[in-house]
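This report describes the fold of a single protein chain.

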Amino acid sequence: MELRHSPATLDVDSQGLTLHEAMAIVLKDAPGGMMRAGDLAAQVNGRGLYRMRDGRPVEAQQIHARVGQYPHVFNKQGTFITLSSPVT
């Protein structure tokens, strides 16, 4: 599955990744391919994959919001987030 975005909704950090792209990278490396939102945010921040527009680190609330905005990319299984299918 390829991620595509309109310029009006694109949130890109200095590395050129959107938050949901950064989330997908972390989930691909996660044991079992699943993580809780807080842990996912910590990994995105720890790896320096994405920062919010104002420079603050990503919070669990933003992770939850992206999961809801991209149901074709992410699934929620209880308290865990997974990829719905491979992302390219």
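Contact here means heavy atoms within 4.5 Å. The model is predicted. Leaving aside its neighbours within four places in sequence, I81 is in contact with L27, G33, M34, M35, A37, L40, I63, V67, F74 and N75.

**Overall architecture**

The protein chain holds three helices and three strands. Read from the N terminus, its elements follow the order α-β-α-α-β-β. Of the 88 residues in the protein chain, 38% are buried. Among the contacts with a separation of 6 or more, 51% are between residues 24 or more positions apart.

**Sheet**

The three strands make an open sheet with the order β1-β3-β2, and the pairing is antiparallel. The edge strands are β1 (34-36) and β2 (74-77), each of which pairs on one side only. From one strand to the next, the twist averages 35 degrees.

Strand β3 (residues 80-83) runs antiparallel to β2 and is joined to it by four bridges.

Helix α1 is mostly covered, with eight of its eleven residues buried. These buried residues are L19, H20, E21, A22, M23, A24, V26 and L27. They include the charged residue E21. The buried residues of α1 pack against β1, β2 and β3 of the sheet, and also against α2 and α3.

**Helix α2 against helix α3**

Helix α2 (residues 37-46) packs with helix α3 (residues 60-69) at an angle of about 105 degrees, and their axes are 8 Å apart. Angles of 65 to 115 degrees count as roughly perpendicular, so α2 is roughly perpendicular to α3. On the α2 side the contact is made by A37, G38, L40 and A41, and on the α3 side by A60, I63 and H64. By class, five of these residues are nonpolar and two are polar, with no charged residues.

**Nonpolar core**

The largest nonpolar core has 24 residues. Which residues have the most contacts inside this core? They are L40, V44, I63, F74 and I81. The elements that give two or more residues to the core are α1, α2, α3 and β3. With six residues, α1 gives the most.

L40 and I63 take part in the contact of α2 with α3, and both are in contact with I81.

Technical notes
Residues numbered from 1 in each chain as written. Predicted model: local features only at pLDDT ≥ 70, side-chain atom pairs only at ≥ 80, totals over all residues. Heavy atoms only, no water. Axes fitted to C-alpha atoms, helices over the stretch in contact; angles between N-to-C directions. Parallel < 35°, antiparallel > 145°, perpendicular 65-115°, else oblique. Pairing = 2+ DSSP bridges. Core = buried A, V, L, I, M, F, W, Y, C linked by side-chain atoms within 4.5 Å. Buried < 20%, exposed > 50% of the residue type's maximum accessible area, 1.4 Å probe, protein only.
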